[in-house]
Amino acid sequence: MPVTAQVWSPFEVTPPNPADCAPSAPLEIQGGGPPSGPSSRRILILDDDQEFLDTYSRILGRLPSRPEVRVATCATRALALLDAEPFALLITDLRMPKIDGFQVLLGARQRFPALRTVAITGLGDQQYRARAYASGSDLYTEKPTTPSEIRLFGECVDALLTQAGPDGGFRGIHSKSLMDLIQIECLSQNSGVLRITRGSLEGRVWIEGGNVIDAEVQDTCGEEAFRQIFGWKTGHFEILPGDPTRPRTIFGSYESLLLDSAQTLDEFAADSDEEIPGEGMSRLLQPFARVKGVEALLLNAGPGQCESWGVENPEQFAEWTHNVLTGFQALGALLETGPLRAVEATGSVRGVVLLAQNGRELMAGLDRKMTARLVRAAGMELATHLGKE
Amino acid sequence: MKRISKKAINPVRFPRGSFTVSSAGTIVVSTLPGAFPMERMEAIGRAVLSALGAARGLGTPLTELAADFAGLEIRARDLSGGAIIFITPQEY
């Protein structure tokens, strides 16, 4: 289906040379390298449909990042261009004669790890999508046909171009949040399971026919799990085949779900601009890390059994925690006040909660902006988790 | 019939009030009843100053610290090495 450019104005295109498209050329990619400078905004579009190339080179050329767009009508030509010049992004059709898009993606991913890739196809096929992601594609999308789809596609491409570095955002849609990722899947009315990992945490979002039907992270399911996953700012994702047998626990529209989750995040951000922790942490500490405002943790279960996260000098803090807790416990015994429930503190650097239960001592470092009342609330929640462990 | 006598239970009643302790651990001023033993105030002061001082030494200065017991809350505010300490019985 021909697509008209309704969003951005025309751009000069370098036409491909059909003579370069040798059908028997081997899929061997040489040279090239990660883009830098102006090449960080250079896009290569590969499609055997010249009309598509003309249209999308105009559309993408008018993106806010003003990329330089090159085109190729066959894989061999595309690979030669990749070999000769550094590109930031490769957009490739999947179904092409001779060398198809999957082969190109595999080769490009292997040879140019920094190259972002978008697989684009006219067929909405689950197997295609799974294969595209398995081939290392950063984004799989059907060819947009409506103005809103074209605009969304342009935004995704622009995001891939403007966001550099492997540590920001989700692999595949750098600078784009999970909101964009889920919107793309739902707008395409896809079915699949979005598996998202962040450090040792793993979450899953089930999408069926363009609707978010369930989510799961650790022991939590449904909307609550979705909100937790939604708060992750970085991570990796992969799309697994759909699971039509998954019971539906989320019944609202995906738009309202995204809106509610975004509002929840905003409310959280108003109190604390720290992101939800999860990476570089043992499983033992993870329940405590989910308590609002927690920035650092130290769990001392005895000699040689000290787990910490976000604590620069854990040995010293473990000793301080032990001394403070035993000091106040001794004081409690002297005063006959009953058991010590918690020691809580606010400070200019950090708030602190100290707890002791069943021979284990916990220190939690909290956001310094938290008031004494919030520190106490956090302490009560932490004590509940410590009691469960 | 043997007479059953019960030992009278005298629950510990904590006063409500505050006192100030210097960085040396000396009680400077107190609003607690005179019956409240000085050595208990000093013991509270030592525990508080020790916790605040060690935290400061670790680069995590604390402005306010609370020890939450089943029957009593001790809340202390740092005063440049000393502390003002509030004693509040827990209410149920």
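In this predicted model, the buried residues of helix H11(A) are A:Val375, A:Ala378, A:Gly379, A:Leu382 and A:Leu386. Viewed down the axis of H11(A), these buried residues fall within an arc of 110°, so they line one face of the helix. The other side of H11(A) carries exposed residues, namely A:Arg373, A:Thr384, A:Gly387 and A:Lys388.

Helix H11 of chain A runs over residues 372-388, 17 residues in total. From its first C-alpha to its last it reaches 24 Å, close to the 24 Å expected at 1.5 Å a residue.

What covers the buried residues of H11(A)? The cover includes one helix and several strands of chain A, listed below.

| Element of chain A | Residues |
|---|---|
| Helix H9 | 286-289 |
| Strand E11 | 294-300 |
| Strand E13 | 340-347 |
| Strand E14 | 351-357 |
| Strand E15 | 360-366 |

Strand E13(A), part of that cover, also pairs with a strand of the other chain: E13(A) and E3(B) run antiparallel to each other over 7 bridges. Within this pairing, A:Gly347 stands opposite B:Leu62 of E3(B).

The contact between the chains takes 28 residues from chain A and 24 residues from chain B. On the chain B side, the elements giving two or more residues are helix H1 (38-57) and strand E3 (62-69). Which kinds of residue make up the side of chain B that touches chain A? That side divides into 16 nonpolar, 5 polar and 3 charged residues.

Terms used:
Residues numbered from 1 in each chain as written. Chains lettered and ligands numbered in written order. Predicted model: local features only at pLDDT ≥ 70, side-chain atom pairs only at ≥ 80, totals over all residues. Helix = DSSP H or I, 4+ residues; strand = E, 2+ residues; numbered from the N terminus. Expected span 1.5 Å × (residues − 1). Buried ≥ 20, exposed ≤ 12 C-beta atoms within 10 Å, placed from the backbone. Arc of directions from axis to C-beta. Contact = placed C-beta atoms within 7 Å. Nonpolar A, V, L, I, M, F, W, Y, C, P; charged D, E, K, R; others polar. Pairing = 2+ DSSP bridges.
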